[in-house]
Amino acid sequence: MPILRIEHLKKYYGKDPQTTVKALDDVSLSVEKGEFVAIVGTSGSGKSTLLHMLGGLDRATAGKVFVDGNDIFAMSDEKLTIFRRRSVGFVFQSYNLVPILNVLENILLPIELDGGSIDQTYLDEVIRALGLQEKIHNLPSNLSGGQQQRVAIARALATKPSIILADEPTGNLDSKTSQEVLILLKQMSEKFNQTIVMITHNESIAQTADRIIRIEDGRIVSGHAASSGASPL
Amino acid sequence: MTSRNDVRSSKRGNFIFSAILVLLVSGYAGRVVFLEGKQPALTELTVLFVSCMLILGALWNWMLRRQVTAFMNSVDEMVDRAIHGREKLTHFDETSLSSLEHKLLRYIEINQANEQNLETEKNTIKELISDISHQTKTPLSNILLYSQLLAETPELGGDTRLLLNQIESQSEKLEWLITSLVKLSRLETGMITLQSEVTPVIATITSAVSHIYTRAENKGISVQIACDPLTKARHDHKWTSEALFNLLENAVKYSEAGGSIRIAAGGNEMFTRIDISDTGMGIPGNELEHIFKRFYRGHSAREYEGIGIGLYLTQKIISLQGGFITAASGVGTGTKLSIFLPQI
Amino acid sequence: MISTNNRKIVTRLSLKSLKANPMRNLAVICAVILTTLLITSIFTMVLSINKSMELTQMKTVGSDFHGGFKYLTPAQVEILKKHPSIREYGVSLNAGDLEDGVFKDSPVEVKRIDEAYARHGFINFIEGGLPAAENEVVLNTWVMDKLGIKHALDQQVTLDINIGERVIHQDFIVSGYYEADKNLSMAGLAFVSEAWVQKNLSSIDPVKYKANNTYVNTAELSVMFNNAVDIEKKLNKVLADTGLDVPIGINWAYTASSLSENIINLVPYLAVILIIMLSGYLLIYNIFYISVVRDVKFYGLLKAIGTTPRQLKRIITIQSQVLYLIGLPFGLASGYGMGRLLSPLLGSFSDEPTETAYSSSPWIFVGAAVFAYLTVWIAASKPGRMAARIAPVEAVRFAGVSAKRKMHKRSKRGAQLYAMAFANLFRNKRKLFLMLTSLSLSMILFSIIFTVISSLDVNKYLSTFINGDAVIRNRAIVQSAGERPGDPYKLSKPFIDALGKIDVVERVDSVYFKVENYTMDDTILGALKPLAETAPSDPALAAVLKNNFIQLNLYGMDAGWYDLVQKDIIEGSFDPQKFASGNYVLITESNMAEDTYKSYYHPGDQVKYEGLGKSYEVMAVLHNDALYAATTQSFTACGYNAFFPSSELTRELPAGSDPPMALSATLHVDPAKLDSAMQTAKSIAASSDELSYKSREDYRQELGGFIRIFQTIGYGLSFVIALIGVLNYINTVITGVIARKNEFALLESIGMTKRQLKKVLVYEGVFNVLLTVSVTSTLGVFLTYRISKSIADNMAFTVFHMGWLPFILVVPVLAAIAYTVTLFSYRMLSKATVVERLRQTA
């Protein structure tokens with residue numbers, strides 16, 4: 001059962017047909033539950049736009065996005081936000097953290113917004129795995145770019161969401177930390193049956209994915225079909 | 001414990017609040033009446049006021065209770081739907097019920113995924129086992145073949161012949177070991193499905209005996225069967241025969257020449273019992289509880305051949321059929337193993 | 001069902017984001033304090049005035065008892081006072097009146113009272129207490145003055161007390177005295193002891209005397225109930241329960257509620273409160289709006305993480321509430337203080353002399369807090385909704401002017417910047433229009449108020465009331481409610497001559513007054529009858545028609561008044577010499593019906609006045625309020641004022657006609673000897689109660705106070721309005737700049753330098769100012785002229801004088817504001833990007 005299904009998604013900017021920018025031009029895609037999908041493409045190819053659409057951060061000009069059977073764009077703003085809060089973990093390229101909250105509060109934010117209880121052992125595990133134990137009371141302004149990104153990843157994992165959408169999550173990390181983070185993500189995703197959609201420039205990271213989707217000028221040029229799942233067991 | 005305390009304290013809280021309300025309302029009303037003097041209009045009004053307040057309070061209380069009950073009912077409904085995979089009760093609402101439902105569904109989903117993973121793994125193991133057994137057959141039979149061929153070579157030195165014998169017997173042992181292990185793994189992963197029927201046990205017994213007869217005769221041990229042809233039990237003929245064969249094998253192995261083995265079968269209320277008694281060396285009391293364990297070899301049995309999985313296998317087979325096995329023995333007085341199989 | 005327990009995190013987000021923004025917090029708190037302060041002071045003033053008026057009325061009535069039972073026998077008193085509904089009571093006994101000659105015009109009643117009565121009757125002893133011995137008496141200060149004794153205890157005084165059947169002449173000792181306002185209550189009071197009553201009145205049978213209407217030795221039981229609701233009903237109930245039938249009296253100070261019945265009076269206050277709330281709203285709205293627009297990324301990120309629109313709105317709401325709570329106590333306290341300071345000022349507006357009582361009702365604070373909260377709530381709601389609707393993608397959108405590229409090219413595109421700025425102005429026509437309108441409106445309102453105030457002309461005001469340097473009037477001629485009677489003829493001819501004899505007095509202009517009930521003639525009927533048909537509900541008109549006469553005020557004036565006639569002429573022309581012959585009359589318009597002012601007659605008509613025994617030719621028709629200073633300043637229904645030379649009134653009049661009363665004598669004095677003349681005239685007038693003396697200076701001072709109040713309120717109001725306009729302008733500019741952040745980034749990326757950007761913004765500001773100035777200097781001047789002129793012409797004491805100051809001021813002030821605001825918004829743009837840049841490289 002595909003957890004993500006995109007049908008003829010279009011995102012155009014501008015009204016004048018001559019100056020319209022086509023960020024996404026008729027994209028269709030489906031992702032299975034538990035799949036790890038990497039999205040690659042040149043700058044401005046529309047990958048970030050695609051990711052934003054998947055999380056319901058932005059509205060499309062045309063087309064539909066179904067997440068776990070829910071038509072995202074048919075949902076009200078309120079319900080969409082709640083859906084995001086519970087089912088999606090975001091890692092952005094930059095400006096991930098709420099500047100007025102410290103690291104711990106940032107990580108716990110989606111849980112607290114839902115009024116839910118905190119799984120302390122699990123969180124401790126995640127924080128330790130990302131090497132953030134020393135910094136949990138720091139404010140984002142006191143962290144390096146890489147540390148901020150790790151906090152964002154911790155936050156994305158905190159609610160054990162069904163989907164993790166990451167935009168260059170290892171962009172600010174050195175290669176060793178990148179690998180560790182990737183392993184952590186994969187472990188978590190297996191344990192909690194999570195789907196990962198990750199935008200990356202890094203070919204070696206892309207290779208570890210179940211499927212690589214290439215985008216060029218707002219269209220998918222390869223990686224449409226889900227791979228036959230030859231998992232290295 | 002805690003929930004009972006909570007219930008009690010909430011009941012107490014309820015009572016306290018109602019009491020305070022009643023006291024305040026009636027106190028105020030009474031004081032007003034007292035201050036203003038006995039005027040019928042005022043008294044009427046006061047009485048009306050007091051009763052209205054009380055009724056209102058009671059109504060509100062009842063309404064709140066109903067709300068709580070309704071809420072619990074929806075929680076119940078929500079859990080039901082989740083368990084049975086029906087449509088969700090709430091859809092991304094900003095309510096604790098919705099949050100709870102999401103948590104539950106997520107948990108179920110993760111569990112199901114894990115289950116599926118396990119399933120996949122099991123299947124992989126199944127394939128592995130079948131692959132191994134397939135793969136080892138050929139090399140083993142080859143080894144046996146070549147050793148036999150070698151044995152037929154004329155002018156083989158005595159030492160060489162001895163070595164060859166060793167190779168042969170070890171290979172046979174190896175073959176037996178692998179077969180047993182494969183059987184064992186099959187049993188353990190539940191890949192074996194036993195087909196049990198209610199049939200006379202005499203056939204199964206004779207089948208098992210037939211396999212051991214030659215060896216017993218060679219060793220000079222007599223075998224006796226005492227079984228009514230009508231005695232029936234629900235069992236898988238093939239596998240139970242194998243189980244019985246294991247026991248008989250042991251009996252022969254651990255008995256001296258001239259000993260005897262007696263197999264007796266009889267039906268009871270619920271179970272059909274098959275006893276296999278021998279006159280062998282017996283099992284010391286302190287080891288009796290361990291004999292059915294995997295790879296267990298008794299102290300004195302060490303001198304003999306064997307790996308220690310025969311009894312384990314037997315017990316597995318019997319218990320999978322819904323029966324059980326017991327043992328009675330004494331050192332030097334022989335061993336009696338009793339198998340109980342369900343009758344229906 | 002049962003909502004999620006996520007209030008804590010929302011509260012925490014609100015508080016933390018509050019802490020991150022100290023400047024904004026300060027601004028909002030100041031706005032809250034300002035709004036609350038103003039509202040509280042208005043409330044305080046209104047309630048204090050209300051209380052003052054109540055107090056004054058009660059003092060006029062004489063006590064604050066709810067009501068009373070009159071003309072009782074002692075037995076009746078005993079029965080009545082036991083009634084359970086009576087919370088408190090006081091008993092007073094009518095003992096008689098003071099017969100002394102000095103009290104002829106100001107009667108003094110003699111009573112015996114008890115402690116309760118004294119307390120409720122505002123009798124606060126300066127020294128001493130109620131009389132106990134038979135020869136002790138309590139007097140008030142003005143009575144003591146009239147008797148010529150000192151204000152001290154144990155003074156000896158001889159009094160003549162008229163107890164109906166005889167007059168008792170006795171010596172008394174003052175056992176106590178108190179201060180009383182002669183002008184407030186109808187009669188003065190003196191108190192004797194029970195001993196005296198026993199000795200002298202025991203023979204008087206109250207029942208008999210009640211029947212004879214003398215009331216001596218009748219008691220009055222004044223009572224207080226639990227509350228002032230339905231006093232009449234309560235009193236009647238007591239009578240019903242006790243089976244007695246005696247006259248009751250209700251303290252009309254309670255029933256004639258001052259402010260609440262006259263809702264019309266509240267309207268200006270409500271309008272002011274609304275304006276205050278509006279300005280507070282604009283201030284707070286602006287601040288929050290800017291804050292939300294600046295923090296778009298923050299809210300976008302929150303939404304992306306899962307903060308629902310409702311939660312985002314709550315964040316803003318909680319912020320506004322916290323800031324409100326912080327500012328509230330300061331606003332309330334300072335507002336109450338200011339209100340107390342200003343109350344006396346407003347009190348001087350009303351005609352009656354009022355003692356200022358201060359209200360400290362909790363309703364002031366509750367009401368002000370509620371109104372202030374409403375303002376804050378409404379102001380924060382739109383920004384809250386804006387924050388709620390922010391798209392989460394804003395968190396990831398690149399925005400702002402980056403500081404990366406540095407181009408040192410001195411561009412040749414200088415001219416184009418003008419064009420760009422100009423074009424930018426017209427991008428959002430609606431916003432531009434709104435901004436222009438509000439700014440111009442504020443400007444125009446300000447200039448109107450300014451012009452009207454600068455048109456206030458003291459002399460014009462004065463001339464309405466007084467013609468010369470001082471005037472002595474006989475107040476008894478004009479009877480108003482509750483005024484003491486007096487001799488309308490006090491201002492007699494010899495008296496006037498005495499005034500003229502004061503050596504520095506150059507001239508005395510007198511005005512004589514006579515009332516004539518004029519039987520309706522055809523002309524009058526012809527004018528009134530049709531009106532009665534169209535306005536049948538006018539009671540005055542109906543009464544007049546029924547009576548078949550109208551009441552006319554006939555005035556005879558000395559030649560000194562002739563100069564003032566000309567300006568009030570509507571029809572005809574004034575020839576002083578012909579007028580002086582005595583065959584002509586000047587007639588004013590009549591107030592025939594509501595808002596209808598017309599004259600019955602026209603120049604050339606002949607009218608005969610019975611009271612004067614002669615008929616006159618109408619020389620001219622004057623305004624209804626012509627020669628106001630000369631008149632009694634009261635008008636009759638459907639009647640009119642007729643002016644004659646004074647000789648016509650002072651000559652021999654036909655038999656049966658009342659002699660004329662001298663209404664006023666206006667003194668024209670040698671300016672060098674003003675002071676001495678004033679003193680003499682003043683003391684002459686002080687000898688009688690009826691005569692009042694007022695000099696030009698007195699009037700000037702009155703007006704001065706009045707003008708001051710007017711100025712304060714006027715300038716305050718216009719300042720607030722100007723503030724609103726300016727704030728709106730600031731808001732438009734800042735939000736315009738912030739909303740175009742992306743656009744500026746784009747422009748920068750195609751090569752525009754920060755310098756050029758700054759230039760564009762400055763030019764935009766300049767164009768804004770130019771546009772505004774052009775509107776105000778054309779339409780604004782025109783409107784100001786027209787409106788101010790019509791207001792000024794209609795007000796009694798204004799002479800239209802165009803105020804040019806506002807229009808001149810507007811250019812530099814507006815330019816300064818535009819420049820600073822532009823710079824500030826530009827700085828805000830660049831600031832954001834520096835922070836961003838830091839983040840990206842960290």
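Me: How many helices and strands does chain A have?
Reply: In this predicted model, chain A has seven helices and 10 strands.

Me: What share of chain A counts as buried?
Reply: 48% of its 233 residues. As for contacts in chain A with a separation of 6 or more, 71% come from residues 24 or more positions apart.

Me: Chain C next. How many helices and strands there?
Reply: Chain C comes to 26 helices and 22 strands. It has 842 residues, and 39% of them count as buried.

Me: And what percentage of the chain C contacts join residues at least 24 apart?
Reply: 85%, taken among contacts in chain C between residues at least 6 apart in sequence.

Me: Back to chain A. Is α5(A) mostly covered or mostly uncovered?
Reply: Mostly covered: of the 14 residues in α5(A), 12 are buried. The buried ones include A:Q147, A:R150, A:V151, A:I153, A:R155 and A:L157.

Me: What do they pack against?
Reply: The buried residues of α5(A) pack against β6 (88-91), α3 (103-113), α4 (120-129), β7 (163-167) and α6 (175-191), which belong to chain A.

Me: How far apart are the ends of α5(A)?
Reply: The end C-alpha atoms of helix α5 (residues 145-158) of chain A are 20 Å apart. That agrees with expectation, because 14 residues at 1.5 Å a residue should span 20 Å.

Me: What happens just after α5(A)?
Reply: A:K160 takes a positive phi, about 50 degrees.

Me: What about α3(B), what span should its 57 residues have?
Reply: Helix α3 of chain B covers residues 96-152, so at 1.5 Å a residue it should span 84 Å. Its end C-alpha atoms are 83 Å apart, which agrees.

Me: Which residues of α3(B) are buried?
Reply: B:S98, B:S99, B:E101, B:H102 and B:S147. The elements covering them include α2 (77-87) of chain A, along with α2 (40-84) and α4 (158-188) of chain B.

Me: Which part of chain B carries the "transmembrane region" annotation?
Reply: Residues 45-64 of chain B, according to UniProt, and the entry is unreviewed. In the model, residues 45-64 of chain B are 100% helix and 0% strand, with end C-alpha atoms 28 Å apart.

Me: How many bridges between β4 and β5 of chain B, and parallel or antiparallel?
Reply: Seven bridges, antiparallel, between β4 (residues 260-267) and β5 (residues 271-278) of chain B. One bridge partner pair is B:A264 with B:D275.

Me: In chain C, why is β20 described as largely enclosed?
Reply: Because five of the five residues of strand β20 (residues 641-645) of chain C are buried. On one face of β20(C) the buried residues are C:N641, C:F643 and C:P645, and on the other they are C:A642 and C:F644.

Me: Which strands are joined to β20(C) by bridges, say β13 and β15?
Reply: β13 (residues 549-557) of chain C runs parallel to β20(C), with five bridges. In that pairing C:N641 is the bridge partner of C:N553. β15 (residues 584-588) of chain C runs antiparallel to β20(C), with two bridges. There, C:F643 is the bridge partner of C:L586.

Me: Last one, the contact of chain C with chain A. How many residues from each?
Reply: Chain C gives 25 residues and chain A gives 24 residues. On the chain C side, the elements giving two or more residues are α1 (7-19), α11 (296-305) and α12 (309-347).

Me: Which one gives the most?
Reply: α11(C), with six residues. The chain C side that touches chain A divides into 13 nonpolar, eight polar and four charged residues.

Note on methods. Residues are numbered from 1 along each chain as its sequence is written. Chains are lettered from A and ligands numbered from 1 in the order in which they are written. This is a predicted model: local features need pLDDT of at least 70, side-chain atom pairs count only at pLDDT 80 or more; totals for chains, interfaces and linings use all residues. Two residues are in contact if their C-beta atoms, placed from the backbone, lie within 7 Å. Helices (H or I, at least four residues) and strands (E, at least two) are DSSP runs, numbered from the N terminus. Ala, Val, Leu, Ile, Met, Phe, Trp, Tyr, Cys and Pro count as nonpolar, Asp, Glu, Lys and Arg as charged, and the others, Gly among them, as polar. A residue is buried if 20 or more other C-beta atoms lie within 10 Å of its own, exposed if 12 or fewer, and partly exposed in between; C-beta atoms are placed from the backbone. Two strands pair if DSSP finds at least two bridges between them. UniProt positions are given in the numbering used here, feature names are shortened, and annotations may be inferred rather than shown by experiment. The expected span of a helix is 1.5 Å times one less than its number of residues.
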